[in-house]
Amino acid sequence: MYDPIADGLSRGWRHIDASTLRTDQEFDTDVVIIGTGAGGGIAAELLTQAGFKVLMLEHGALYSSRDFRQQERWAYPELYQDGAGRKTLDQAISILQGRTVGGSTTVNWTTSIRTPKPALEYWQQEFGLDFAQTNALEPFLDLATGRLNISEWLLTPNHNNGMLQRGCHALGWQYTVIHRNVKGCANTGYCGMGCPLNAKQSMLVTTIPAALDGGATLISRVSARELVWRGNAVQELWAVPVDAQFQTDPRVKIRIRARHYVLAGGAINSPALLLRSKVPDPSGRLGKHTYLHPSVISGALFPQAIHGHQGAPQSIYSDQFVWPADGRIGYKLEVPPLHPVLMASKLTGVAEAHADLMRQFNQLQVVIALLRDGYHPEAQGGTVQLDSYGEPQLDYPLTDYLWDGVQRAYLSMAELQFAAGASAVLPIHNDARMYQRWPQAKAAIAQLPMQRYRATLASAHVMGGCNMSADAATGVVDPQGQHQQLRNLTICDGSILPSSLGANPQLTIYALSWRICTDLIKKLSV
Amino acid sequence: MMQRRQFIMLGLGAGVSLSLGVTLYPLLQSTDKSRADAATLVLDALLPALLHGALPSSATEQQAALRRSRDAVLQFLPYLPRSQQAQLQQLFLLLQQRLGQLALTGHWLSLNELPISARLQLLSSWRDSYLATLQQAYHGLRELLYGAYYGQPLHWPALKYQPLEFNPYV
């Protein structure tokens, strides 16, 4: 099978694995891009095509389809941030983020959703961003859609998604067939471990190869540690290699001087670099208002086989509850792919009870509800801070407003699963048990304590922390992604979102990065 | 009336300096070997409890499955952030020391001398503790240990999980 990474490397791509460096290094470039995920990948292609000398930095390793193993025990440590063990400071929410060339786009589940209108309207109202009014984002959503082959998934949903669809249909709830960024997808279900067929149109197989073909350089296994700045400009960037387990190794120093610095490390790592660099923060918003779409989980057993590990992981979602009119927090309903490590670690219980549930693995169907945080005074997200090693930790408070959403989400998911034909439903909460009928589940869920560690919460979408705003008093970057105080620093990743989206963020990040880099190219070309 | 274990845990909680509710002393005094020994001891004690009901019935296969899972945890730990590694090492060291053990388990007996039912009771008491640090310990260890066991293809027949394999990995 054709492997675009192996092919490119054999053709002489400029790639340096920083972990092999033994002496200090210096680089001079037009633009350095820190991070190779959705934001950095788009930036790399556009800036290279515009004729700039581009240097890409990535904390993770450069892997390709021939490296990807369809096993979680390989994928999580090698492709995910902190071995998929990233958590909030109080450890109440697990956070899945990619950390490899291509970032989260290499391991995400391919769901591609255009920026919801209510989110754009909220940004207009609160942050003066006129994306909705002037149609400023639509053309870039279209460009990204074309570049990454985003289209509606026309095959029959797998049974895990099919039950979400069936439940919605039975209850008269809204649902949508998901658009996916795939080309030649074989419907296998291993998107989360790296696509073995190069069908997923991640940054790894699209924009990054294009940038490397255009003469860009990629340094993998490198950690950006500090932006050195003076006055209103960044002077240089200091970085160090990482070891085989992706821990920083300060024995070799890498110094990079660039005309312009593009930060795209994601919504936790980007603020962390800026905090380590002690950049100006007059708005007080750096590393603040970090959103997670905290996700609530509900398992169900069906009489028939579900085989939730087979087929496109996500092909149906429901927005029935995502934008409620009563001001309470909304939530989007989706399903996750079911693989043994992910399920075993999230399902509640121990010993025989846990083993019994795992033995029914193929009958298991799981729904998740993604809470739309960031639109209410009691849902203002978390704060990125640095630990004693200089690494980020996200302090994310769980408020009563959020807990109200958690409880309603458990109810909606159980109702849906029973309506789809589940023989039993298990809200993933430490005080819940398996319920055989909807009225029983409804009564029990109403009594569950809504407290951290009792409810199992997870996140796969990290947003905010360097938010955009038209007013420097309320944002870290301006609507063009330009840092408000440092003139040669642009940020284009999930960190610039002023709220959560109520939708999976990759397409919004592609479009914003495209828009920002189109402006940046004009600015740098003057 | 306050039970003895609650009293001990309250004392432990009052002296917190790390997020696991303990002092740095054992970690600072420890060597690489003592940390590895502590981790091995604790994992060898907790894995049979958590996996009770999931392990193969043959004694030989059971031992092999436990060894595989313990080794998988030990191989995975260096990928965690250094702050999380420090917390876990601290917990492992305390659980193998007599005083720390008493504080965390309420027993003078070493962890691997307790019957499986007592080890499960211990985990339940952490899960339901009013101390956030013990709840974190419960959830953290649970995720780590179940992840290690169910990551092994040799443990999948019970699940009837039949993954595709484009690139073999053994």
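Modeller: In this predicted model, A:Asp281 counts as partly exposed because it has 17 C-beta neighbours inside 10 Å. A:Asp281 sits in the loop between α9 (269-276) and β13 (290-291) of chain A, and its C-alpha atom is separated by 45 Å from that of A:Leu426, which lies 145 residues apart from A:Asp281 along the chain.

Within α4(B), the residues B:Ala65, B:Ser69, B:Arg70, B:Ala72, B:Val73 and B:Phe76 are buried. Seen down the axis of α4(B), the buried residues fall within an arc of 160 degrees, so they line one face of the helix. An α-helix has 3.6 residues a turn, so residues three or four places apart point the same way. On the other side of α4(B), by contrast, B:Ala59, B:Thr60 and B:Arg67 are exposed. As for what covers the buried residues of α4(B), the cover includes α3 (32-50) and α8 (132-150) of chain B, together with α3 (72-79) of chain A.

Returning to chain A, three strands form an open antiparallel sheet in the order β5-β8-β6. The edge strands of this sheet are β5 (111-112) and β6 (150-152) of chain A, each of which pairs on one side only. Two bridges join β5(A) to the antiparallel strand β8 (residues 179-181) of chain A, and A:Ser112 has A:His179 of β8(A) as its bridge partner.

Definitions and conventions:
Residues are numbered from 1 along each chain as its sequence is written. Chains are lettered from A and ligands numbered from 1 in the order in which they are written. This is a predicted model: local features need pLDDT of at least 70, side-chain atom pairs count only at pLDDT 80 or more; totals for chains, interfaces and linings use all residues. Helices (H or I, at least four residues) and strands (E, at least two) are DSSP runs, numbered from the N terminus. A residue is buried if 20 or more other C-beta atoms lie within 10 Å of its own, exposed if 12 or fewer, and partly exposed in between; C-beta atoms are placed from the backbone. The arc is that of the directions from the helix axis to the C-beta atoms. Two residues are in contact if their C-beta atoms, placed from the backbone, lie within 7 Å. Two strands pair if DSSP finds at least two bridges between them.
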